[in-house]
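Here are my notes after going through the model you sent. Have the structure open while you read, as I go point by point.

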Amino acid sequence: MSSQATPTLRLSGIGASPGVAVGHAFILDRKRIRTPKLRLAEAEVEPERMRMKTAIDLSDRQLAELKEQITRTEGSDHALILEAHRLMLHDPMLVDEVNRLIIEDRINAEWAVRRVARKIKHLFDNIPDEYFRERRSDVDYVADRIIRNLMGQVVDEEVEVPAEAIVVAHDLSPADAALMARSGRVAGFVTDLGGQTSHTAIVARARETPAVVGAGRASEQISPGDLVAMDGIRGVVLVNPSDEQIAVFREEQRRHQESERLALATKDLPAISTDGFQIRLNGNIEFLEEIPSLLAHGAEGIGLYRTEFMFLDRKTAPTEEEHYRAYRQVLEAMGGRPVTIRTLDLGGDKVPGKTKHEKEPNPAMGLRAIRYCLSNRELFRTQLRALLRASVHGNLRLMFPLICGVSELREARAELESCRTELGRAGVPVGKRFPVGIMVETPSAATIADRLAQEADFFSVGTNDLIQYSLAIDRQNREVAYLYRPLHLSVLRQLRGIVDAARAANIPVSMCGEMAGDPLYTLVLLALGFDELSMTSGQIPVVKRFLRRVSRADAMDLLQNAMELTTAEEIERYVRTEMDRRFSETMEPGAPGVGNVEPADHEPSGRNTA
């Protein structure tokens with residue numbers, strides 16, 4: 001029931017897991033613990049260090065028990081996050097520094113832990129990659145656990161969630177998110193903090209529970225029992241909505257559920273235009289646990305498997321065996337479908353064992369991705385050897401990130417061949433030769449795409465970086481984020497050039513950036529001639545339905561008209577109007593799934609032509 005007497009409050013956040021939900025708020029109040037600050041006498045130093053050691057040991061046992069509990073009920077995938085927390089507990093960057101502060105500054109362990117956690121989080125603040133910035137919350141989870149144990153407080157209190165609850169929290173620990181989601185009583189999550197790669201988002205997507213994260217002060221503004229309507233696609237939360245607003249959300253919920261039903265019904269149908277141009281729709285993943293959802297939504301393969309998670313929260317780099325097991329699991333889970341694995345896309349500041357790196361003034365353009373790998377050959381070769389070994393178990397495609405020139409690609413390929421030879425001489429089984437491609441994500445690569453296409457087996461366009469670098473926009477910077485325009489004429493011209501270069505060289509061209517999964521751009525990408533688009537699982541059904549409803553000839557007319565305009569605003573306005581006209585609905589950028597378009601399913605009538 002709506003609370004008509006109470007004004008409706010509208011909150012905006014990040015749509016992190018698709019779906020619409022209406023329910024009553026359950027506030028999970030995991031308040032940050034107040035950290036006592038005490039100065040120690042000399043005689044108290046050693047007992048304080050022992051107290052710290054006891055708290056770490058206890059925290060480790062608690063996490064081990066949680067991991068076992070979650071593994072029993074959820075499988076081993078979520079448990080990896082808890083294992084990462086256990087590793088962080090014993091990280092010298094944390095433990096040694098806390099002990100140093102206890103000894104040298106003579107402060108109590110709680111204060112020392114909080115100071116060190118703040119320092120580590122500051123390092124994460126400077127990481128350009130969103131996924132790794134999100135790991136700041138892991139530092140808080142671990143620090144809070146230690147401090148609560150130091151103070152003898154309850155740490156893992158079991159939470160009983162009422163049925164159809166919208167769980168609202170400042171942030172959710174991986175354990176809270178996983179345990180509540182598995183209860184089946186959570187209708188949705190709303191958190192103050194977090195992004196697309198936060199634990200809440202990952203767990204929610206895996207459980208197909210709607211989630212809005214990064215919603216500001218939601219946990220302060222929403223009261224227990226408030227009626228909440230939320231849209232995990234558009235990132236909208238309404239508190240105490242009117243009856244009319246509830247009706248709209250219920251309708252959206254019905255549409256989403258219908259879309260999910262259609263997704264399941266049509267998941268095996270091809271994404272093909274009415275005049276026979278077929279596009280392969282793939283999924284982007286970080287974790288093995290995301291694969292069932294991808295397959296349920298009709299993904300035909302994996303267009304981007306990020307391997308950076310393996311390097312997170314570790315004292316040492318992953319071994320070849322660890323790499324190999326992870327890749328093998330993904331390849332086998334996809335059962336012969338293509339799996340595109342991207343080699344390490346981190347900078348040296350995030351690689352284990354490199355804690356004393358020299359801070360780079362602009363790490364996004366510094367020693368990262370393929371540059372870092374080519375400067376650290378052993379680390380690179382460890383990953384390449386594992387990939388070669390894993391290729392026995394499935395349909396592998398290998399992709400190098402941030403290639404800016406032909407020399408880099410040649411060097412990377414030479415290292416791969418060297419590893420292949422090495423394994424062959426040692427009698428280690430290696431799969432047949434697999435495609436080796438590159439991410440096209442810099443203006444330099446786009447400009448010389450014709451030359452790169454002569455030496456790469458495929459292209460995958462990373463639009464997030466390509467747009468940022470092309471327009472000189474840091475989209476994390478609120479002051480200039482509005483200038484981030486995927487339909488800027490310069491971006492469209494680059495995309496056309498990349499596709500043309502790939503066509504001329506007869507190699508496939510894919511897109512794995514966010515632009516690929518936004519249905520506003522679906523006709524533009526169809527017109528440009530991309531062979532594959534890769535996105536999160538929830539975006540696949542709507543993109544597929546749009547593709548199956550239109551002809552490529554129509555899309556090409558739209559694109560031609562759009563590119564005769566001049567400003568990004570003009571182009572976007574035109575494309576939006578045309579999409580509205582075709583699909584009889586209002587679309588918002590980044591709002592996949594809002595469509596109410598009935599599919600016009602048909603069988604494929606031919607192969608792609610450029």
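1. How many bridges join strand β11 to β12, and do they run parallel or antiparallel? There are 3 bridges between β11 (residues 302-306) and β12, and the two strands run parallel. Within that pairing, Ile302 has Val339 of β12 as its bridge partner. I call two strands paired if DSSP finds at least two bridges between them. Helices (H or I, at least four residues) and strands (E, at least two) are DSSP runs, numbered from the N terminus.

2. Some housekeeping before going on. This is a predicted model, where local features need pLDDT of at least 70 and side-chain atom pairs count only at pLDDT 80 or more, while totals for chains, interfaces and linings use all residues. Residues are numbered from 1 along each chain as its sequence is written, and side-chain values use heavy atoms, with hydrogens and water left out.

3. Now the other neighbour of that strand. β12 also pairs with β13 (residues 395-400), in the parallel sense and over 5 bridges. Here Val339 stands opposite Leu396 of β13.

4. Is β12 (residues 338-342) enclosed or open? 5 of its 5 residues are buried, so the strand is largely enclosed by the rest of the structure. (Buried means under 20% relative accessible area, exposed over 50%, partly exposed in between, with a 1.4 Å probe and protein chains only.) In a regular strand the side chains alternate between the two faces of the sheet. In β12, Pro338, Thr340 and Arg342 lie on one side and Val339 and Ile341 on the other, and both faces are covered. Note that Arg342 is among the buried residues.

5. On to helix packing. α12 (residues 320-333) packs on α14 (residues 377-390) at about 40 degrees, with axes 8 Å apart. That makes the pair oblique: angles under 35 degrees count as roughly parallel, over 145 as roughly antiparallel, 65 to 115 as roughly perpendicular and the rest as oblique. Axes are lines fitted to C-alpha atoms, for helices over the stretch in contact, and angles run from 0 to 180 degrees between N-to-C directions. Residues in the contact (heavy atoms within 4.5 Å) include Tyr324, Tyr327 and Leu331 of α12 and Ala386, Leu387 and Ala390 of α14. By class, this contact has 6 nonpolar, 3 polar and 5 charged residues. Ala, Val, Leu, Ile, Met, Phe, Trp, Tyr, Cys and Pro count as nonpolar, Asp, Glu, Lys and Arg as charged, and the others, Gly among them, as polar.

6. Another helix pair to look at is α18 (residues 463-471) with α19 (residues 489-505). Their angle is about 125 degrees and their axes are 10 Å apart, so these helices are oblique too. Their crossing is right-handed. Among the residues in contact are Leu466 and Ile467 of α18 and Val491, Leu495 and Ile498 of α19. This contact has 6 nonpolar and 3 polar residues, with no charged ones.

7. Elsewhere, 8 strands form an open sheet in the order β1-β8-β7-β3-β4-β5-β6-β2, with mixed pairing. β1 (9-12) and β2 (14-17) are the edge strands, each pairing on one side only. β1 pairs with β8 (residues 236-239) in the antiparallel sense over 4 bridges, with Leu9 opposite Val239.

8. For the overview: the chain has 23 helices and 17 strands, and 58% of its 610 residues count as buried.

How values were computed:
A crossing is left-handed if the near helix is turned anticlockwise from the far one by less than a right angle, and right-handed if clockwise.
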